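Here is a short briefing for a first look. Please keep the sequence and the 3D view open as you read.

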Amino acid sequence: MRVAVVGAGIAGLVAARDLAAAGHAAVIVEKSRGLGGRMAARRVGGTVVDHGLPVLEVPPGGAVAALVRECAPGAVPLDGDAVAWPAGMTVLPKAMAAAVPAAGSVELLLDTRVAALRAGTQGIEVAQDQGNTIGVFDAVVITAPAPQAVELLEHSPEPGRAEALRAVQYDPAVMLLAGFAMDEPGWVAARPNSGPVAYVTNEAVKGRPPVDGVVPVVARLRPDASERLFDASDDVVLAEAIPAMRTVLGPGTPEPAWTQVKRWRYCTARSQVDQAMANPQGSRIIIAGDAVAPGPTVEDVARTGEWAARRLITG
Ligand SMILES: Cc1cc2nc3c(=O)[nH]c(=O)nc-3n(C[C@H](O)[C@H](O)[C@H](O)COP(=O)(O)OP(=O)(O)OC[C@H]3O[C@@H](n4cnc5c(N)ncnc54)[C@H](O)[C@@H]3O)c2cc1C
């Protein structure tokens with residue numbers, strides 16, 4: 001079987017891995033230039049910061065624990081079951097993509113946005129933005145956040161499938177990445193009691209020592225503040241966020257040495273729909289990802305990738 005997997009986040013990578021392990025060919029099509037989706041990291045201020053998922057919770061004995069053990073040792077243990085990698089959250093997705101099971105094959109197409117699925121005589125034709133065909137597949141797994149999956153289903157042979165996913169709403173998130181010349185905080189994450197900032201993470205504690213005494217931190221704005229400031233300029237975001245960050249970093253914290261603002265339109269799902277309900281028996285277009293996860297954690301999301309592969313393999 002040849003399967004197109006839309007999205008190289010955790011759900012898509014797990015689905016592709018399981019399909020390949022069962023002897024099938026998976027082609028992961030990802031619109032961004034990098035792997036990991038919302039497990040995201042970038043280089044800034046001479047260091048690395050995680051500007052998506054801040055830490056990875058690894059419940060003992062779960063799917064994520066197996067992934068971390070098999071693919072990406074070297075994780076730094078943090079509070080509780082949480083881990084992070086010195087080189088950033090993308091270590092795990094990159095390692096997963098590199099660890100291709102021998103039985104089948106996994107091909108990666110980066111920087112390629114899937115815009116439409118068409119019924120063809122040989123299978124499902126997967127098309128790019130400009131209408132060019134990426135290929136013809138026996139099945140497609142869609143792992144994009146629900147609103148993007150809806151858009152794709154509307155341009156598919158099964159447009160009625162979009163209805164089930166419309167109920168899934170997302171909180172946006174405005175993230176402020178910043179470096180402060182200060183003493184390193186003693187915590188992994190701190191939550192101001194009020195104001196626009198939901199939490200601040202100490203990125204140095206993830207095995208990324210301060211560069212020239214500058215401690216990297218990431219602040220996530222609360223959903224209401226993120227909604228309000230989503231289209232605001234970076235200067236406006238900074239003017240609101242920095243004073244709020246000082247409530248946990250200390251009132252005397254100097255102006256940041258560097259800053260960057262990152263905006264996520266679809267950050268975390270407020271609810272999920274049942275994966276079996278969203279995927280009628282017999283359909284060759286399978287929905288996976290956080291929209292259909294049994295819960296809100298990355299462990300839950302990984303399980304949707306396993307479910308998608310199993311559904312296609314066992315019918
Ligand atoms: C700032 C932030 C904080 C978070 N905090 C937490 C937390 O504390 N705890 C927690 O459990 N979760 C948290 N999450 C959510 C968690 O990261 C996600 O639930 C999980 O990573 C989703 O994985 P996924 O594979 O379902 O989707 P994604 O990682 O979003 O992957 C989907 C991929 O599909 C690609 N794509 C979309 N449309 C197309 C298309 N048409 N063609 C090709 N590719 C496409 C996207 O580019 C993306 O790479 C957070 C997320 C963010 C951004």
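How many bridges join strand E1 to E2, and do the two run parallel or antiparallel? Five bridges join them, and the strands run parallel. Keep in mind that this is a predicted model.

**Strand E2 and its partners**

- Strand E2 covers residues 25–29, and four of its five residues are buried, so the strand is largely enclosed by the rest of the structure.
- Strand E1 spans residues 2–6. Its arginine 2 stands opposite alanine 25 in E2.
- Between E1 and E2 the chain passes through helix H1, residues 10–21. This β-α-β crossover is right-handed.
- E2 also pairs with strand E8, residues 105–109. Five bridges link E2 and E8, and they too run parallel.
- Valine 29 has leucine 109 of E8 as its bridge partner.

**Helices H2 and H9**

- Helix H2 (residues 63–71) packs against helix H9 (residues 298–314) at an angle of about 85°. Their axes lie 8 Å apart.
- Angles of 65 to 115 degrees count as roughly perpendicular, so H2 is roughly perpendicular to H9.
- H2 brings Ala63, Val64 and Leu67 to the contact. H9 brings Val298, Glu299, Ala302, Arg303 and Glu306.
- By class, the residues in this contact of H2 with H9 are five nonpolar and three charged, with no polar ones.

Key
Residues numbered from 1 in each chain as written. Predicted model: local features only at pLDDT ≥ 70, side-chain atom pairs only at ≥ 80, totals over all residues. Axes fitted to C-alpha atoms, helices over the stretch in contact; angles between N-to-C directions. Parallel < 35°, antiparallel > 145°, perpendicular 65-115°, else oblique. Contact = placed C-beta atoms within 7 Å. Nonpolar A, V, L, I, M, F, W, Y, C, P; charged D, E, K, R; others polar. Buried ≥ 20, exposed ≤ 12 C-beta atoms within 10 Å, placed from the backbone. Pairing = 2+ DSSP bridges. Right-handed = clockwise from strand over helix to strand, strands pointing away.
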